[in-house]
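Dear colleague,

I am passing on the structure we spoke about, so that you can look at it alongside these notes.

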Amino acid sequence: MEIIRAEGLSFNYPDQERASLHDLSFTVNEGEFVVLCGPSGCGKTTLLRHLKRELKPVGTCEGAIWYKGQPMDELTAQTAAEDIGMVFQNPEAQIVMDTVWHELAFSMENMGYSPTVMRSRLAEIAGLFGLEPLLYKPVHELSGGQKQLLNLASVLLLRPKLLLLDEPTSQLDPVAAREFIHMLHRLNEEMSMTVIISEHRLEEVFPLADRVLLMEEGSLKAEGTPSELVQRIGHEEQQQHLSYLPTASRLFLALSPPEERAAKKSIPLTVREGKRWLQGRPALLKNDGHEAAVENIVTVTNSIRKEQETLLKCQEVTFRYQKEGPDILSKLSLYLYRNEVLAILGGNGAGKSTLLYLMAGLSKPQRGRITLAKGITAGYLAQNPLLYFSQDTVEEELLHMARYAELSEADAQREIIKLLDIFQLHEVYNSHPLDISGGQQQKVALAMVMLLGPDILLLDEPTKGLDPGAKERLASLLKLLCEEGKSIVLVTHDVEFAAKYATRCAMLFDGGITAEGPPDVFFSANYFYTTVVNRIVRDWLPQALTIEDVT
């Protein structure tokens, strides 16, 4: 039985010529696990907001949506609120109360549940999510990942039939993201809860999906089971779509001979399936001495570092938020050198964002020192891009930042045009910053920081909400900046991005840096914090991290 049906759904935001949704028609059956994917700005968030009536955006809408055979607009307020739950991309936008306890109770209070029902449901959900230690904690002290788990728990307290999720794992570390997604899978399997999830991190959700909807420029480009979509995209060999496939599938398409791809046999979607396919085919993997070269990389890196200019020093840094509270950072030491991209990884709540905040000079450590080299400036991009917006259009935001940076009119126009090209923001140049997608907001905020021309870029989750193409363009920009003598520190949960583009990686744990080194050394020594390619081929090529390393 279908739970959602859309027919001829089109939508335009006010004053926008291009439709954000264009003639969408599809159905979702009860109990299905559906994945939405596609480039940033293709309409995924707009579509999800149309499925949650209370969040339907303002604009011109054509077509219709039915929920269980009833027009969406005719649902009672209680049915719409209880039956359809949504978890936003930005956890800050969904939390309204001061403590975890109050936030969990808020939705049930609004629905008029009795105290007995509220306490019973809260006890159950707190146990399931492990929230008991956090119940009386202020919400502002939670990490981004903890806030997202809190949002999911708050939605589930109303026991929805349809769960909508917009990039829910963008602020979770790899282990937490995996647990989060498999919790969704449990809800789908054990409770038959219908799940529609928009994701760029497709490694985990793709194999779990019953169906995948690929969107592009507001239209439905392709749909089908994961295997059907992989076979279709692999046959077409369109690079912009290949990047949306799981790594195991892309590795298969890169290594398998044409006749095997044409045979339309089962294409691997997971690490396990990828390893099974490679067993008995070791000749496909070209070991060109990469593993032996790693020791030389370490030696060369250490010798070069002695000659590199140090731009930033963290020396024995200790920091806590409250006088009697626990240390978030404890005797942490870390150096940043010129011409490098340093990726800092670690679990949710490890203190990564706090460290970046201190590096930016926005707060001072209780003990230890953070110093910048003479004449060096730093630009800081926070995890939440909404903090940077105060104007009515993207154009005004960029021009305002250019004036703040004291750029001449000619220089401002030249730099803005260059950034619009890099981040492909031309189509949203006249849009309100709050009307564009989360990935586009991220790109606009980064462009604003870039206009300041800092020597050091401090980026907190810069790939959050970005599609694979946007990540490639961001990586090209970071490489160009490094060649110009700048350095980048990025706090990230995006292991694949760090492995491919960082020059050095560091692990933050228990308040300090527990490991650091070049990506191939750093990630090949890890079990969970490593790439999908490494997990597939490490028995044959222990140091390989990317498909390029293998092929």
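**Helix α14 and what follows**

Helix α14 is followed by G361, a residue whose phi is positive, near 80 degrees. Please bear in mind throughout that this is a predicted model. The helix itself spans residues 352-359 and is mostly covered, with six of its eight residues buried.

**Aromatic rings**

When the whole structure is searched, nine aromatic pairs are found. In one of them, the ring centres of F11 and Y13 lie 4.9 Å apart and the planes meet at 85 degrees, which is over 60 and therefore makes the pair edge-to-face. F11 and Y13 are both buried.

Another pair is formed by F252 and W277, whose ring centres are 5.1 Å apart and whose planes are at 70 degrees, so that this pair, too, is edge-to-face. It links distant parts of the chain, because F252 belongs to helix α10 (residues 247-255) and W277 to helix α12 (residues 271-278), with the two residues 25 apart. Both F252 and W277 are buried.

With best wishes

Notes
Residues numbered from 1 in each chain as written. Predicted model: local features only at pLDDT ≥ 70, side-chain atom pairs only at ≥ 80, totals over all residues. Heavy atoms only, no water. Phe/Tyr/Trp six-rings, centres within 6.5 Å; stacked < 30°, edge-to-face > 60°. Buried < 20%, exposed > 50% of the residue type's maximum accessible area, 1.4 Å probe, protein only. Helix = DSSP H or I, 4+ residues; strand = E, 2+ residues; numbered from the N terminus.
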